Amino acid sequence: MEYVKLNNGVKMPQLGLGTFQSNDAALCEQTILEALKVGYRLIDTAQGYGNEKYIGNALARTDVPREELFIVTKVWFRNHEDCRRSILQSMADLRVDYLDLVLIHWPFGDTYRAWRDMEALYAEGKIRAIGVSNYNADRLIDLIQYNKVVPAVNQIETNLQSQQQENREWMEKLGVQHMGYGPFGQGRINDIYDDPALTAIAAKYDKTSRQVVLRFMLQMGVVLIPKTVNPARLRENIDIFDFELTPTEMQTLSRMDKSQPLIGNPQNPALVESSAKWG
Ligand SMILES: NC(=O)c1ccc[n+]([C@@H]2O[C@H](COP(=O)([O-])OP(=O)(O)OC[C@H]3O[C@@H](n4cnc5c(N)ncnc54)[C@H](OP(=O)(O)O)[C@@H]3O)[C@@H](O)[C@H]2O)c1
């Protein structure tokens, strides 16, 4: 496993397991235990995913010491006005007495109020780092300029088609770690893995196209959280630490960027409008 250092000195694994749509209680619990067995240490969940209790069941059963784990959850925007209570509930459901990272899931509603609750829990030592998700650089700068704690992390959609180069430049400047979600575009961009340039690189290293994509983003400095509930894919997605792409290969892959988010573009008015109907 490789690690990054956050702006407050906290060490964070650079690869973890995503759990969005991992909603079958038994399968989710089993997947977490299997992931921990094959070397995953970071688990990414959210209040909105409805699986914190299932993950908590696995965490209660694992032999991996708590200090080796890195547990991330996100505050749902409907909880912003009751943020503190919601985070304490997440801790109870996850069966932990502290969280490694808590993020504002979406920049909707009273985010300032939520951020102040998060700053307080951070000051009390209940959360080791606080951050945001789905923030473009403009919102990130606003939050930084008018609050005390600079977010440690911004989790945004990042994959071959949406590489977030401009946002990443801003995040580097602001000292905010780029955490990428949807590294496989949630299964919506499967044709891309047959691209001849990509398959040639994969063949050279005896890896799959998806492993090359993960490696590409790892070398860009992004924290990755591919989701799977499939044991073979769990192993495939973590087996990316024994090869290194050349600068030319990195350039080839960076040219595949279309700057087109597929899942969560917070600047899309239709998406913001539709959030009023989200649960
Ligand atoms: N902050 C946010 O707003 C936000 C939004 C979306 C996601 N996230 C986080 O980011 C994580 C990852 O994103 P995501 O789940 O949306 O999408 P993703 O990781 O891009 O894609 C997951 C899909 O790819 C499949 N898959 C995984 N590994 C594979 C492999 N090696 N070969 C072929 N197919 C594979 C999975 O199927 P199987 O499970 O059947 O293997 C699943 O259908 C989430 O789980 C969540 O933790 C955050």
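Reader: Hi! Where is the place of Gly-18?
Author: Gly-18 sits in strand β3. Strands here are DSSP runs of E with at least two residues, helices are runs of H or I with at least four, and both are numbered from the N terminus. Do keep in mind that this is a predicted model: local features need pLDDT of at least 70, side-chain atom pairs count only at pLDDT 80 or more, and totals for chains, interfaces and linings use all residues. Residues are numbered from 1 along each chain as its sequence is written.

Reader: Thanks. Why does Gly-18 count as buried?
Author: Because Gly-18 has 24 C-beta neighbours inside 10 Å. With C-beta atoms placed from the backbone, buried means 20 or more others within 10 Å, exposed means 12 or fewer, and partly exposed lies in between.

Reader: And which residues does Gly-18 touch?
Author: Leaving out residues up to four places away in sequence, Gly-18 touches Asp-44, Tyr-181, Ile-225, Pro-226 and Lys-227. A contact needs C-beta atoms, placed from the backbone, within 7 Å. Its C-alpha atom is also 6.5 Å from that of Ile-43, 25 residues apart along the chain.

Reader: Let's go wider. What is the order of the strands in the sheet?
Author: The open sheet has 8 strands, ordered β3-β4-β5-β6-β7-β8-β9-β10, with parallel pairing. The edge strands are β3 (16-18) and β10 (223-224), each of which pairs on one side only. Two strands pair if DSSP finds at least two bridges between them.

Reader: Over how many bridges do β5 and β6 pair?
Author: Strand β5 (residues 70-75) and β6 pair in the parallel sense over 4 bridges, and Val-75 stands opposite Ile-104 in β6. Together with α3, these strands make a right-handed β-α-β unit. Right-handed means that, with the strands pointing away from the viewer, the path from the first strand over the helix to the second runs clockwise.

Reader: What about β6 and β7, how many bridges there?
Author: Strand β6 (residues 101-104) is parallel to β7 over 3 bridges, with Leu-103 opposite Gly-131 in β7.

Reader: Are the residues of β6 buried or exposed?
Author: Leu-101 and Leu-103 on one side of β6, and Val-102 and Ile-104 on the other, are all buried. In β7 (residues 130-133), Ile-130 and Val-132 point one way and Gly-131 and Ser-133 the other way, and all are buried. In a regular strand the side chains alternate between the two faces of the sheet.

Reader: Which residue in β8 is the bridge partner of Val-132?
Author: That is Asn-154. β7 and β8 (residues 153-157) pair in the parallel sense over 2 bridges. The chain crosses from β7 through helix α5 (residues 137-145) to β8 in a right-handed β-α-β crossover.

Reader: Switching to helices: at roughly what angle do the axes of α2 and α3 cross?
Author: Helix α2 (residues 52-61) and helix α3 (residues 83-94) have axes that come within 7 Å and cross at roughly 45°. Axes are lines fitted to C-alpha atoms, for helices over the stretch in contact, with angles from 0 to 180 degrees between N-to-C directions. The two helices are therefore oblique to each other; under 35 degrees counts as roughly parallel, over 145 as roughly antiparallel, 65 to 115 as roughly perpendicular and the rest as oblique.

Methods: Two residues are in contact if their C-beta atoms, placed from the backbone, lie within 7 Å.
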